[in-house]
Amino acid sequence: MRSSLNSYGYIAPAFALLGLVLFAPVFYGGWFSLQRIQYGAPTGFAGFDNYAKLFDDPELLATLGRTFVHTGASVIVTIGIALALSVWINRLAPRFAFVVQMIVIVPWIISTVVAALLFRWVFLNDIGLAAWALKAVGVTEFQPLTTSSGAMALLVAISVWKRIGYAVIILLAGLKGIPDDYTEAARIDGANGWQIFRRITLPLLKTPLLLVAIVLTLSNINTVETPLVTTGGGPGDATRVLAIEVYERAFVNFDLGGATALALLMFAGNIALVIAYVRFTKWKA
């Protein structure tokens with residue numbers, strides 16, 4: 001008993017520090033969101049007025065819809081491409097597979113701001129590298145940053161390019177953990193490649209796929225760098241997502257109470273997604 005208490009005593013400072021770093025801002029944000037804020041300082045208790053103003057905002061629902069579109073498209077495309085790449089890399093010779101993995105992982109280690117600036121430079125209207133290359137082959141009407149669908153597609157492309165390395169590494173690790181005996185037995189029974197992939201590979205990749213899905217979802221919902229640097233929420237409000245909404249409320253409109261309330265609602269949504277992930281991983285294949 002004494003030994004156990006001593007063990008807990010050794011790890012208690014680390015857990016206390018971790019709790020302070022992780023949870024203190026959340027509790028402070030919760031208190032801050034219930035205050036009436038003027039010039040950045042609380043001036044009195046406002047109750048749930050900041051939350052009520054959020055739900056009274058007619059544009060917030062549209063912003064939520066754009067966030068779902070951006071996040072859903074980014075996650076689906078990233079997982080689809082990453083799954084195909086992982087299966088292909090898993091079949092390569094070890095040395096060549098290592099080289100491909102290093103190439104794929106490079107975007108993941110690049111700063112998000114750098115990645116967004118790179119794409120903005122490439123697809124900049126009229127003078128971007130993509131516009132210059134297309135003009136060389138006769139295509140003159142290519143201005144993705146001036147249209148709603150083009151700007152959103154560019155944000156999705158950046159998100160996919162930036163995070164595909166992470167998804168490939170996780171899914172490839174899952175593929176490496178599948179015993180060869182399963183596929184060999186299936187081939188002996190007459191199963192073709194698609195049947196093996198659908199009946200054996202995918203079910204055994206359930207947990208890695210769910211892990212990748214939840215991490216990518218949280219990353220895309222909470223990132224502000226990509227839309228802020230690439231489009232600034234434009235053209236118009238075409239790429240104005242929740243992260244941009246929080247940023248502008250806090251640092252452009254100085255509505256710190258509303259920004260904190262919206263950030264806490266996003267945090268609650270993140271917790272709900274994590275809970276959903278934990279429940280999904282308990283399902284039987």
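A salt bridge is a side-chain nitrogen of Lys or Arg that lies within 4 Å of a carboxyl oxygen of Asp or Glu, and by this rule the count comes to five salt bridges. Residues are numbered from 1 along each chain as its sequence is written, and side-chain values use heavy atoms, with hydrogens and water left out.

**View 1. Confidence across the protein.** The mean pLDDT of the protein is 86, and 95% of its residues reach 70 or more. Helices are DSSP runs of H or I with at least four residues, strands are runs of E with at least two, and these elements are numbered from the N terminus. Confidence is highest in helix 3, where the mean is 94, and lowest in helix 6 (residues 129–136), where the mean is 76. Where pLDDT is low, the predicted coordinates should not be read in detail.

**View 2. D57, R240, E245, E248, R249 and D255 are linked by salt bridges into a network.** Side chains of opposite charge can pair when their charged atoms come close. In this view R240 meets E245 in a salt bridge with an N to O distance of 2.8 Å, and R240 also meets E248 in a salt bridge, with N to O at 2.4 Å. Both E245 and R240 are buried, a word used here for a relative accessible area under 20%, whereas exposed means over 50% and partly exposed means in between (1.4 Å probe, protein chains only). Another salt bridge joins the side chains of D255 and R249, at 3.4 Å from N to O. R249 counts as buried because its relative accessibility is 10%, while D255, at 31%, counts as partly exposed.

**View 3. Aromatic rings of W31 and F32.** A pair of aromatic rings is described by the distance of the centres and the angle of the planes. Rings of Phe, Tyr and Trp (for Trp, its six-membered ring) pair if their centres lie within 6.5 Å, and the planes count as stacked when under 30 degrees apart, as edge-to-face when over 60, and as tilted in the remaining cases. The structure holds 10 aromatic pairs by this rule. One of them is formed by W31 and F32, which are tilted, with 6.5 Å from centre to centre and 55 degrees between the planes. W31 counts as partly exposed because its relative accessibility is 43%, and F32 counts as buried because its value is 9%. W31 and F32 form one aromatic cluster together with Y28.

**View 4. The ring pair of Y247 and F251.** The ring centres of Y247 and F251 are 5.4 Å apart and the planes lie at 50 degrees, so this pair is tilted. Y247 and F251 are separated by about one helical turn, because they stand four residues apart in helix 12 (residues 242–251). Y247 has a relative accessibility of 31% and therefore counts as partly exposed, whereas F251, at 58%, counts as exposed.

View 5. The side chains of N222 and N270 make a polar contact at 3.2 Å. For a polar contact, a pair of N or O atoms must lie within 3.5 Å; within protein, one must be able to donate a hydrogen and the other to accept it, and residues adjacent in sequence count only if both atoms are side-chain atoms. N222 and A263 are 41 residues apart in sequence, and their C-alpha atoms are 9.4 Å apart in space.

**View 6. S74 in helix 3.** S74 lies in helix 3, which covers residues 60–90, and S74 counts as buried because its relative accessibility is 0%. Not counting residues up to four places away in sequence, S74 touches V156, S159, V160 and N220.

**View 7. Backbone features at P235 and F254.** Most residues other than glycine have a negative phi, and most peptide bonds are trans. G234 and P235 are joined by a cis peptide bond with an omega of about -5 degrees, and P235 lies in the loop between helix 11 (225–230) and helix 12. F254, a residue other than glycine, has a positive phi near 55 degrees. F254 has its place in the loop between helix 12 and helix 13 (256–281), and F254 is exposed, with a relative accessible area of 63%.

Definitions and conventions: Predicted model: local features only at pLDDT ≥ 70, side-chain atom pairs only at ≥ 80, totals over all residues. Contact = heavy atoms within 4.5 Å. pLDDT = per-residue confidence, 0-100.
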